[in-house]
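Have a look at the model first, then read on.

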Number of protein chains: 2
Amino acid sequence: MSYRVGIVGATGAVGQELIDLLHRRNFPMAELVLLASSRSAGKTITWQDKSWTVQEATPEAFDDLDIAIFSAGGSTSTDLCPEAAKRGCVAVDNSSAFRMDPTVPLVVPEINPAAARSHQGIIANPNCSTAVALMGLYPLHREFGLKRFTAATYQAVSGAGAAAMAELEDQLRAWAKGEPMTSSEFPYQIAFNLIPHVDVFYDDGYTKEEHKMLNESRKILGHPELRASTTCVRVPVLRAHSIAVNAEFERPVDLARAREVVSLFEGAELVDDTASKRYPMPLDFSGKEKCGVGRMRIDSALDNGLALWIVGDQLWKGAALNAVQIAELLVADKLVTPKTTV
Amino acid sequence: MSYRVGIVGATGAVGQELIDLLHRRNFPMAELVLLASSRSAGKTITWQDKSWTVQEATPEAFDDLDIAIFSAGGSTSTDLCPEAAKRGCVAVDNSSAFRMDPTVPLVVPEINPAAARSHQGIIANPNCSTAVALMGLYPLHREFGLKRFTAATYQAVSGAGAAAMAELEDQLRAWAKGEPMTSSEFPYQIAFNLIPHVDVFYDDGYTKEEHKMLNESRKILGHPELRASTTCVRVPVLRAHSIAVNAEFERPVDLARAREVVSLFEGAELVDDTASKRYPMPLDFSGKEKCGVGRMRIDSALDNGLALWIVGDQLWKGAALNAVQIAELLVADKLVTPKTTV
């Protein structure tokens, strides 16, 4: 059996990774249709020896598709995911539009695959930092019972899109030539700087990005009492988000067992040998499917606490990879039916 | 009254800032003597229209000095601070060699100036991240009673010295030319990367830098029960350290009052207006005497908790400025006597 798959937002940073991962992982595609806004329609996109003409993402574009992965921003998803669902095309949505909708499952396949079973045509993909953080926290939660955590993120510029990644590179090229730097994607210069501001601010002083870490973690883990406080910071790194976490658990934490459950978890790679200076770094986890977990130690501030450092490719596990894994789960669990048997 | 002042480690990154700050702040100097290892002796150092020939830092070099500020690493301080003290020259030491020595005061002049009174010839200057963190935490501690905190640092490369700063610049210039990058000051490439490793690792999994945050905070605040867990990370920023902090207090925290006590504290500048996208950033706090505090919000994970973001020039408040402030305190409180009245 193979499926007609659409990518909405095919010209963006995540869209490019989706094309790559669907092929790399041999997703059973009868056809791949690339969709984008009217502005990008008509563009040609190539991957290895294949090429596609981008089509406009209209409601009717979903008539013949079985699965559509959305990565074109919240307003496109709000408009078009229900149109896709209505037409029998399952929408896997990478935006935040439907994540907290109680009728929409929010799925990380290594954590809560069963949640996908109740989908009504839309499945949400989590926020990038949340997905990466949970690759370290989930196996520990299962073993010790996560009570609360504090986190500080170090978010790569590509999390803000391809143009933001180009902005950091342009600023550094200008600097190397002794020319002035300009900013348009970020509110301030990001080269040689840090911007403690990702997504919009809420009245409580947290950003929307920081709220996502708490609310999405609660939903994915099925743990409404979980407490979390996060500071999200943009750093001059091209790719892969890093997160420093201090976590408190219900039960006493044995460090050797903590390392063991992380190393056994399919979403994580334990890189934790300080004597050999081995710990996860963004350069090492760019283009890796697993997220790196290291710097694990008994926390000196929290009871039953553990401090750790998690690094993951936010374009992959934080976006495109998780979405493709959801599509694979739909196929494996027969949660999608092809309209035409090819 | 004016004093004969020595700088040990005059050729380093902090040494250069010491020369600048002693002049800028009109420290009452009868003479400034620049000292360094035998390797650097004979070099000429200039500041504006003045120049000095660097002399070798021998025990006898302190015979005629009243105050010597040390910034040449732990082993130089271990050897020479006692020699200076023995010769009636007060040593202000920027290394970690004497910080936890119970007979040596560890002083941040805005916090514990009285501790300097008991000096026996050596006064220690705190670790850079600790000094910066306390510029936000101390006024809050005084008001609400600090119980514990978790912190994640974003440490600029100049904290590892002038050569480390040059290494980041060299890597980025090589990258801009399409040439390979090389690393020698840091264990891995720092351009476009993060290294969660500052100073040596201890058996408990924390680094020495992370231990300093806990132990030095306890000593400076006179608060042996304080708990803290820190993750120290090197980031591709040239100057000024940033720290994301989640702090828990004994008493309930009123956010308006928290902002007020920070804004009234002489070591801090409140930059906290998220509606106008105003928060402290390293580019804005390089070459500033005060440390920036912002992103203040009631913590969603800790009881009586506050989350905040602190940024400060680690070459200044984290090193040279705090040392000069200690020298000023010695003069103001008559804790040093000039050998010769000039």
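K288(B) sits over the face of F285(B), 4.6 Å from the ring centre. Keep in mind that this is a predicted model. Another charge-over-ring case brings in both chains: R297(A) lies over the face of Y206(B), at 4.5 Å from the ring centre.

**Aromatic pairs**
- Over all chains, there are 17 aromatic pairs.
- Take Y3(A) and F27(A): their ring centres are 6.4 Å apart with planes at 50 degrees, so this pair is tilted.
- That pair links distant parts of the chain, 24 residues apart, with Y3(A) in strand β1 and F27(A) in the loop between α1 and β2 of chain A.
- Y3(A) is buried at 3% relative accessibility, and F27(A) is buried too, at 5%.
- Over in chain B, F144(B) and F249(B) pair edge-to-face, 5.8 Å centre to centre and with 70 degrees between the planes.
- F144(B) is in helix α3 and F249(B) in strand β11, so the pair ties together parts 105 residues apart in sequence.
- Y154(A), W309(A), Y154(B) and W309(B) are linked by ring pairs into a cluster.

**Cysteines**
- You'll find zero disulfides over all chains.
- For C81(A), the nearest cysteine sulfur is that of C89(A), 9.2 Å away.
- C81(A) is buried, at 0% relative accessibility.

Conventions:
Residues numbered from 1 in each chain as written. Chains lettered and ligands numbered in written order. Predicted model: local features only at pLDDT ≥ 70, side-chain atom pairs only at ≥ 80, totals over all residues. Heavy atoms only, no water. Disulfide = S-S within 2.5 Å. Buried < 20%, exposed > 50% of the residue type's maximum accessible area, 1.4 Å probe, protein only. Phe/Tyr/Trp six-rings, centres within 6.5 Å; stacked < 30°, edge-to-face > 60°. Helix = DSSP H or I, 4+ residues; strand = E, 2+ residues; numbered from the N terminus. Lys NZ or Arg CZ within 6 Å of the ring centre and 35° of its normal.
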